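Hi everyone, thanks for coming.

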Amino acid sequence: VPMVAPGNVQVHVINSTLAKVHWDPVPLKTVRGHLQGYKVYYWKVQSLSRRNRRHVEKKILTFRGNKTFGMLPGLEPYSSYKLNVRVVNGKGEGPASPDKVFKTPEGVPSSPSFLKITNPTLDSLTLEWGSPTHPNGVLISYILKFQPINNTHELGPLVEIRIPANESSLILKNLNYSTRYKFYFNAQTSVGSGSQITEEAVTIMDE
């Protein structure tokens, strides 16, 4: 098997899900056989928004021939990763380069896990929601938009409310009685807004 590890391993983080890795080629005489390529082992150490450590699954990408760089796609935003590089010949892999740590920046969050609308009265509705399964960063707020729908299914004026990220419920007051409303709800990090979920609900006609 090859004798030495690739040197000078460098990681350039391109965005929240993509990084580029460079390395110096090993001297050919240390390959001790036919140079097949280089393997990059990489794995997520932890999410930076959730301090949970779980079973670490190592991923391996193979770059054929004498390439000295490669792309690592499909990374998770706002996470800490480690990687190392090994040279491969027909017999197997050489030693691993020292582990290199890199971090991906924040991304936009996934949609809130649920939105539930309860307790209809003449002029109010209660909204409850769950935080996104994948915050992909630090949540800074939720954005609620809603509008009335009349009997001919036309949409009325859109109202937008920004809600602090630590809230999980809200009572909407001063609504019209016996009116159907459509709600659009999403979460935000400093990078931007995630995908929204929609719900409809009706205020009651009379007490």
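Let's begin with the big picture: the C-alpha centres of domain 1 and domain 2 lie 42 Å apart. Before I go on, please keep in mind that this is a predicted model. The domain assignment puts domain 1 at residues 7–104 and domain 2 at residues 112–202.

As a general point, the size of an interface is often given as the accessible area lost when the parts come together. Here, the area buried between domain 1 and domain 2 is about 410 Å², and carbon and sulfur atoms contribute 51% of that. If you look at the domain 1 side, the residues that lose the most area to domain 2 are Arg50, Pro77 and Tyr78. Together, those three make up 79% of what that side buries.

Okay, on to the sheets. A quick reminder for anyone new to this: strands of a sheet pair through backbone hydrogen bonds, either parallel or antiparallel.

There's an open sheet of three strands, in the order E1-E2-E5, and its pairing is antiparallel. Which strands sit at the edges? Those are strand E1, residues 7–15, and strand E5, residues 69–72, each pairing on one side only. On average, neighbouring strands of this sheet are turned by 20° against each other, if we ignore direction. Zooming in on one pair, E1 and strand E2, which covers residues 18–24, are joined by six bridges in the antiparallel sense.

Let's stop at a residue I like, Arg86, in strand E6, residues 79–88. Is Arg86 buried or exposed? Arg86 has a relative accessible area of 18%, and because the cut-off for buried is under 20%, Arg86 counts as buried. Its side chain makes a polar contact with the side chain of Asn84, at 3.2 Å. Leaving out residues up to four places away in sequence, Arg86 also touches a whole set of others, including Pro6, Tyr38, Tyr41, Glu93 and Pro95.

Compare that with Val101, in strand E7, residues 100–103. Val101 is partly exposed, with a relative accessible area of 47%. Setting aside neighbours within four places in sequence, Val101 is in contact with Ser80, Tyr81 and Lys82. The C-alpha atoms of Val101 and Tyr42 are separated by 9.7 Å, and those two residues are 59 residues apart along the chain.

Now over to strand E9, residues 125–132. How many of its eight residues are buried? Six are, so E9 is largely enclosed by the rest of the structure. As for partners, strand E8, residues 112–118, pairs with E9 in the antiparallel sense over six bridges.

Asn119 lies in the loop between E8 and E9. Its phi is near 50°, a positive value in a residue other than glycine. Asn119 is exposed, with a relative accessible area of 51%.

The other one is Asn136, found in the loop between E9 and strand E10, residues 141–149. Asn136 has a positive phi too, about 55°, although it is not a glycine. And where does Asn136 fall, buried or exposed? Asn136 is buried, with a relative accessible area of 17%.

That's my tour. Happy to go back to any of these spots on the screen.

Notes. Residues are numbered from 1 along each chain as its sequence is written. This is a predicted model: local features need pLDDT of at least 70, side-chain atom pairs count only at pLDDT 80 or more; totals for chains, interfaces and linings use all residues. Side-chain values use heavy atoms; hydrogens and water are left out. Helices (H or I, at least four residues) and strands (E, at least two) are DSSP runs, numbered from the N terminus. Buried means under 20% relative accessible area, exposed over 50%, partly exposed in between (1.4 Å probe, protein chains only). A polar contact is a pair of N or O atoms within 3.5 Å; within protein, one must be able to donate a hydrogen and the other to accept it, and residues adjacent in sequence count only if both atoms are side-chain atoms. Contact means heavy atoms within 4.5 Å. Two strands pair if DSSP finds at least two bridges between them. Axes are lines fitted to C-alpha atoms, for helices over the stretch in contact, and angles run from 0 to 180 degrees between N-to-C directions. Domain bounds come from an automatic or database domain assignment. Buried area is the accessible area (1.4 Å probe) that two parts lose on being put together, summed over both.
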